[in-house]
Amino acid sequence: MTIPILVDVDTGIDDSLALLYAIASPEADLLGASCVAGNVTLDAVASNTAAVLDLVGRSDVEVAAGCAYPIARPLVITPETHGPTGTGHAELTAPPDRLSERSGIDLLVDTARSRPGEVTLIALGPLTNIARALDREPRLLTLLERLVIMGGCFGVAGNTAPRTEWNMHVDPEAAKLVFAAAGRDSRKLPLIMPLDLTEEARLLPHHVSRMAGVAGTAMESLEPLVSRVHPLMSFITDALRFYMEFHQRYDGFYGAFIHDPFAVAAALDPSLVRAVETTVDVETAGELTMGETVADLRNSWGRKPNAAVALAGSAHVFLEQFVARIGRLARAQA
């Protein structure tokens, strides 16, 4: 039995890997991808998303452009993390007519309305599109089977500021609106995949070498792999080389946190994580903590829970699944 999913992406490198993981997962039925500005500008996000899907023969998946700017502040992007176009050293382009005629907001709302109680929405970027979709359809969270959010940090340091994770930093006002809506009306509490857990999913060069082995090609390092036989592995190695160089500079290890694919995996298999039901809110005005996600783990506020925060899980199991599934996908494409 398949799980119908929508993904809301700001496609940089780990979003690209998340899209590939969704395509490679037999239990996932990817209905569409809504795009939001975040890692790169909206035009680049939409182009990257369509190009990654087309690379693996999934031009049937609808790609729709959503919000180009956060709700209440200027857009900030992160080319130092994902490269100038969002896919590191890899270069992909999508045809200009590839994008849907409807907006990303329409894609989210229309799909949820047409399949009430069925669709899992996985938000992998800033929550701008989700907040705007709630403006249009206040019942959105009830119409969904579940919302899964990659974002926030609670007991670990942030990756943007000392207490702030990137997706929340880009549009904290949108995140605050989404968490407020989750406290009022949802089928299931949204599952939050914060840095506390996603940073346990460290993809290292040996994982990529094993992935290449599953795909049917030998690879000793992450040097450029120009291959007409294995175009997907070529894309993955070029993208990951940039991403791993970034982590080596800023995080002290040659590898990559693959936040977004872990969130997709948890949406498909909740047994991979152990979550705590609590109340989450977002700081939007703090001088030092703007964008911080705050969890009321001792119920000091006296509010009912609005989120299930995954603070522990089986990252090693996910990594083995990631290597096997992406390797098989690359082999099938070859």
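Which residues of H12 are buried? They are His-259, Asp-260, Pro-261, Phe-262, Ala-263, Val-264, Ala-265, Ala-266, Ala-267 and Leu-268, where buried means under 20% relative accessible area with a 1.4 Å probe and protein chains only. H12 is thus mostly covered, with 10 of its 10 residues buried.

A word on the model before going further. This is a predicted model, in which local features need pLDDT of at least 70 and side-chain atom pairs count only at pLDDT 80 or more, while totals for chains, interfaces and linings use all residues. Residues are numbered from 1 along each chain as its sequence is written, and side-chain values use heavy atoms, leaving out hydrogens and water.

**The chain as a whole**

The chain has 13 helices and 12 strands; these are DSSP runs numbered from the N terminus, with helices (H or I) of at least four residues and strands (E) of at least two. Its radius of gyration is 18 Å, which agrees with the value near 20 Å that a compact globule of 334 residues would have; the radius is taken over C-alpha atoms, and the globule rule is 2.2 Å times the number of residues to the power 0.38. Along the principal axes, the C-alpha atoms fill a box of roughly 55 × 40 × 40 Å. Buried residues make up 58% of the 334 residues. Of the contacts (heavy atoms within 4.5 Å) with a separation of 6 or more, 81% join residues 24 or more positions apart.

**Pocket and cavity**

Both kinds of space are found on a 1 Å grid over the protein atoms alone: in a cavity a 1.4 Å probe fits but cannot get out, a pocket is an open set with protein on both sides within 12 Å along at least five of seven lines, and lining residues have an atom within 4 Å of a point.

Of its 27 lining residues, Thr-81, Asn-159, Thr-160, Trp-166 and Phe-246 are the closest to the centre. Helices H1, H3, H7, H11 and H12 each give two or more residues to this lining, and H11 gives the most, with 5.

The lining of the largest cavity includes Leu-141, Arg-146, Lys-188 and Pro-190.

Note on methods: Buried means under 20% relative accessible area, exposed over 50%, partly exposed in between (1.4 Å probe, protein chains only).
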